[in-house]
Amino acid sequence: MDPARQTKDYLLPHHLLLSIAEQMKLPLLQIARQAELVNFSGDLNGVVGIQVLTANALRLIDAYSLSLQLKNGVACELTPEATSIASVLYDVNRQLQTFARMYNVQLELNIGGRFEPVIAHKKGLESAIIGLASAFIETLPAQVNGGDLKLQLATHRCRYGIVAGVYADIPGLRSEALSRGRKLYGRSRQPLVDVSHTSGAGIFVADAIFKAMSLKMHASRHHHLYGLGVVLKTSSQLSLV
């Protein structure tokens, strides 16, 4: 394949699948250890841990499947609709609270006001933000030295629309790191080396979903935190186009 074409189409399906396969090693190893703990000690907390890890792994696989459906136009039922970002972030927060606690991460909501609905695939938006948040949760313990581990699901207004994103105290998470990660994606086991010690599959799955929705994920800052997010248009903005 032409290298220039490969750089442009950085979210190739087989690259994404390889990234997910690499990412699956960690939860599978954790599940195996939890199972051993249950077998030897009879500690039922291990069963809960297995359920939480399995649920998060399944969410990642479902998100990957959704990205392919959106890209290929299969998910016809997922037409853009008026969507409340606050509602999406509340749902993400609810789904990931138990997973975050496993990593001693405090998952917080930061809804910066009352915003009009945006036009988006609600399920796609929710799956993408779950992918971003899960990747951050897994990497925060290794990125933050001391202090509380906090991750914000946040929304705020910018000049181009309404931003929905995930933010934490990770200074290495800048536009340059994201651009470099996209170039290394599919060629490195840790393409986002400045941000994550994992394959970052959740981040790239989110990127694929956003791209299939004709949106672009970008690095940004919010309240002195670093993060990844997407700018969404409101219905009133679209009516002016």
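This is a predicted model: local features need pLDDT of at least 70, side-chain atom pairs count only at pLDDT 80 or more; totals for chains, interfaces and linings use all residues.
**Figure 1**
N104 belongs to the loop that runs between helix 4 and strand 2 (105-111). Most residues other than glycine have a negative phi. N104 is not a glycine, yet its phi is positive, at about 60°.

**Figure 1. H224 in the loop between strand 6 and strand 7.**
A positive phi is also found at H224, a residue other than glycine, where the value is near 65°. The loop that holds H224 lies between strand 6 (218-222) and strand 7 (225-232). H224 has a relative accessible area of 69%, over the 50% cut-off, and so counts as exposed.

Helix 4 covers residues 85-102, and A86 is found in it. A86 is partly exposed, because its relative accessible area is 21% and buried residues have under 20%. From A86 to A154 the C-alpha to C-alpha distance is 8.6 Å, while the two are 68 residues apart in sequence. R101 is in helix 4 as well. At 51% relative accessibility, R101 is exposed, since the cut-off for exposed is over 50%. R101 and I137 are 36 residues apart in sequence, and their C-alpha atoms are 9.2 Å apart.

**Figure 2. The crossing of helix 4 and helix 5.**
The axes of helix 4 and helix 5 come within 10 Å of each other and cross at roughly 35°. This crossing is right-handed. On the side of helix 4, the contact is made by S87, V88, L89, D91, V92, Q95, L96, F99 and A100. Helix 5 contributes K122, L125, E126, I129, I130, A133, S134, I137 and E138. Sorted by class, the contact of helix 4 with helix 5 has 11 nonpolar, 3 polar and 4 charged residues.

**Figure 3. The crossing of helix 5 and helix 7.**
Helix 7 covers residues 201-212, and its axis comes within 7 Å of the axis of helix 5, with a crossing angle of roughly 160°. Angles over 145 degrees count as roughly antiparallel, so helix 5 and helix 7 are roughly antiparallel to each other. Their crossing is left-handed. Helix 5 makes the contact with G124, L125, S127, A128, G131, L132, A135 and F136. The residues from helix 7 are G202, I203, A206, I209 and F210. By class, the contact of helix 5 with helix 7 has 9 nonpolar, 4 polar and no charged residues.

A208 is placed in helix 7. Is A208 buried or exposed? A208 has a relative accessible area of 11%, and is therefore buried. A208 and S67 are 141 residues apart in sequence, but 5.9 Å apart in space, C-alpha to C-alpha.

P191 is in the loop between helix 6 (175-184) and helix 7. With a relative accessible area of 4%, P191 is buried, because buried means under 20%. The C-alpha atoms of P191 and L178 are 9.0 Å apart, and the two residues are 13 apart in sequence.

**Figure 4. The largest nonpolar core.**
In soluble globular proteins, nonpolar side chains tend to be buried together. Which residues touch the most other members of the largest nonpolar core here? They are I129, F136, L151 and L228, out of 57 residues in this core. Helix 5 (residues 122-143) gives the most to the core, with 10 residues. Leaving aside residues up to four places away in sequence, L228 touches L132, F136, G165, V166, L173, L178, I203, M217, H218 and A219.

**Figure 5. The whole protein, as context for the close-ups.**
The protein has 8 helices and 7 strands. Its length is 241 residues, and 48% of them are buried. Of the contacts between residues at least 6 apart in sequence, 74% join residues at least 24 apart.

Definitions and conventions:
Residues are numbered from 1 along each chain as its sequence is written. Side-chain values use heavy atoms; hydrogens and water are left out. A nonpolar core is a set of buried Ala, Val, Leu, Ile, Met, Phe, Trp, Tyr and Cys residues joined through side-chain atoms within 4.5 Å. Buried means under 20% relative accessible area, exposed over 50%, partly exposed in between (1.4 Å probe, protein chains only). Helices (H or I, at least four residues) and strands (E, at least two) are DSSP runs, numbered from the N terminus. Contact means heavy atoms within 4.5 Å. Axes are lines fitted to C-alpha atoms, for helices over the stretch in contact, and angles run from 0 to 180 degrees between N-to-C directions. Angles under 35 degrees count as roughly parallel, over 145 as roughly antiparallel, 65 to 115 as roughly perpendicular and the rest as oblique. A crossing is left-handed if the near helix is turned anticlockwise from the far one by less than a right angle, and right-handed if clockwise. Ala, Val, Leu, Ile, Met, Phe, Trp, Tyr, Cys and Pro count as nonpolar, Asp, Glu, Lys and Arg as charged, and the others, Gly among them, as polar.
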